[in-house]
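Subject: Handing over the structure

Hi there,

Here is the structure I promised to pass on. Please open it alongside this email, and my notes on it follow below.

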Amino acid sequence: MKGYKRSILYVGLFASLSFLVTFAIFDLFLKYYIFDKKVRAVPIEIAVSQYPSFKTPIDPDISAKAIVIMDKDSKVVLFSKNPNLLFSMASTTKIMTALVGLDYFKTNDVLRIRAENVEGVNVGFKIGQRVRFVDVLYAMLLPSGNDAALAVAQNYPGGEDEFIKKMNEKAKSLNLANTNFADSIGLEDSRDYTTPLDLARLASAALENKIFSNIVATKEIEISDLTGANRYLFKNLNKLLGVSGVNGVKTGTTTEAGQVLVASKEEIELNGNKHTLIIVVMNSQDRFSDTAELLKLISGNINYLSIRR
């Protein structure tokens, strides 16, 4: 009887030890396997003389599943909700398309249209048309023409594949560690992804480019192809442009992404100093209403504290 009990004890000890060893190995596997797949925090250095903060804390009740409100120059995040969750970015992808295009093309370079009737929104370009690069940017960033975005990628040396590669290289150079691009348009919902924080940082970098910032601040413009025979009137889809200091940036919508809006707003202190705020709402049911509510909460509600070095 004693031998039987001893055997049971040994079996129990062996089973417990086996479980602990298996659990430890599984834990190590998870740590090493998941490391490259989890969202990573990216350190951002603050190199400004003023630090922004809210005078009165805000608690918005809006539909967006994610929010980031960031001061453009300092990169200080004043408010966030799910800032590091991954979301499909829809047509806000075109912010990066514009940046990579601006790195290579000059405004007066001529692009040849190589595709028409692209999936989603089209401005109506036809195969064979020749259009100035700057006018293609207007077509891409105001009415969000997918045919315009594809034209930028297809005219890049090496074509669309090389262009997408450059988009991802640019993301790495900007420390957007949680961002990936699979096309130049934003139709690949499962493979065009970012976080609200990365998207705010991307918008901040894009607004440093004067050509980009001037285009996204434009409400309406008429352009033509090189022949002048084909004219196009473009209206900005950003309904908040010109409201409460809003001067950009880009809309986006797909079934998976929901409604997305990246907005920039000029904030003016009593002493006349100007600052730019970036507001990102993702997976929203009403991006314009959500952003308008945020604008109301932040307007005149920010202190810029001096930093002594």
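Which helix does aspartate 198 lie in? Aspartate 198 is part of helix H6, which covers residues 196-206. Before I go on, please keep in mind that this is a predicted model, in which local features need pLDDT of at least 70, side-chain atom pairs count only at pLDDT 80 or more, and totals for chains, interfaces and linings use all residues. Residues are numbered from 1 along each chain as its sequence is written, and side-chain values use heavy atoms, with hydrogens and water left out.

**Aspartate 198**

This residue is buried yet has no salt bridge. Buried means under 20% relative accessible area, exposed means over 50%, and partly exposed is in between (1.4 Å probe, protein chains only). A salt bridge needs a side-chain nitrogen of Lys or Arg within 4 Å of a carboxyl oxygen of Asp or Glu. The nearest side chain of opposite charge belongs to arginine 201, 4.1 Å away; for charge, Lys and Arg count as positive and Asp and Glu as negative, while His and the chain ends are not counted. Apart from neighbours within four places in sequence, aspartate 198 is in contact with Asn175, Leu176, Ala177, Asn178 and Thr179, where contact means heavy atoms within 4.5 Å.

**Overall make-up**

The protein has 8 helices and 13 strands. These are DSSP runs numbered from the N terminus: helices are H or I with at least four residues, strands are E with at least two. Of the 309 residues, 48% are buried.

**The sheet**

An open sheet is formed by 5 strands in the order E3-E2-E12-E11-E10, with antiparallel pairing; two strands pair if DSSP finds at least two bridges between them. Strand E3 (77-81) and strand E10 (246-254) are at the edges with a single partner strand each, so one side of each has no neighbour in the sheet. Within the sheet, strand E2 (residues 66-71) pairs with strand E12 (residues 274-284) over 6 bridges, and valine 68 stands opposite valine 280 in E12.

**Helix packing**

Helix H2 (residues 93-104) and helix H3 (residues 133-141) have axes that come within 10 Å and cross at roughly 170°. Axes are lines fitted to C-alpha atoms, for helices over the stretch in contact, and angles run from 0 to 180 degrees between N-to-C directions. H2 is therefore roughly antiparallel to H3; under 35 degrees counts as roughly parallel, over 145 as roughly antiparallel, 65 to 115 as roughly perpendicular and the rest as oblique. The H2 side of this contact includes Lys94 and Leu102, and the H3 side includes Phe133 and Met140.

The axes of H2 and H5 also come within 10 Å, crossing at roughly 100°, so these two helices are roughly perpendicular.

Helix H4 (residues 146-154) has 8 of its 9 residues buried, so the rest of the structure largely encloses it. The cover over its buried residues includes H2, strand E5 (110-112), H3 and helix H5 (159-173).

**Salt bridges**

There are 9 salt bridges in the structure. Aspartate 73 and lysine 72 form one at 3.3 Å, N to O, and Lys72, Asp73 and Glu208 are linked in a network. Lysine 72 counts as buried at 9% relative accessibility, whereas aspartate 73 is partly exposed at 42%. Glutamate 267 and lysine 265 meet in another, at 3.3 Å, N to O, and both residues are buried.

Best wishes
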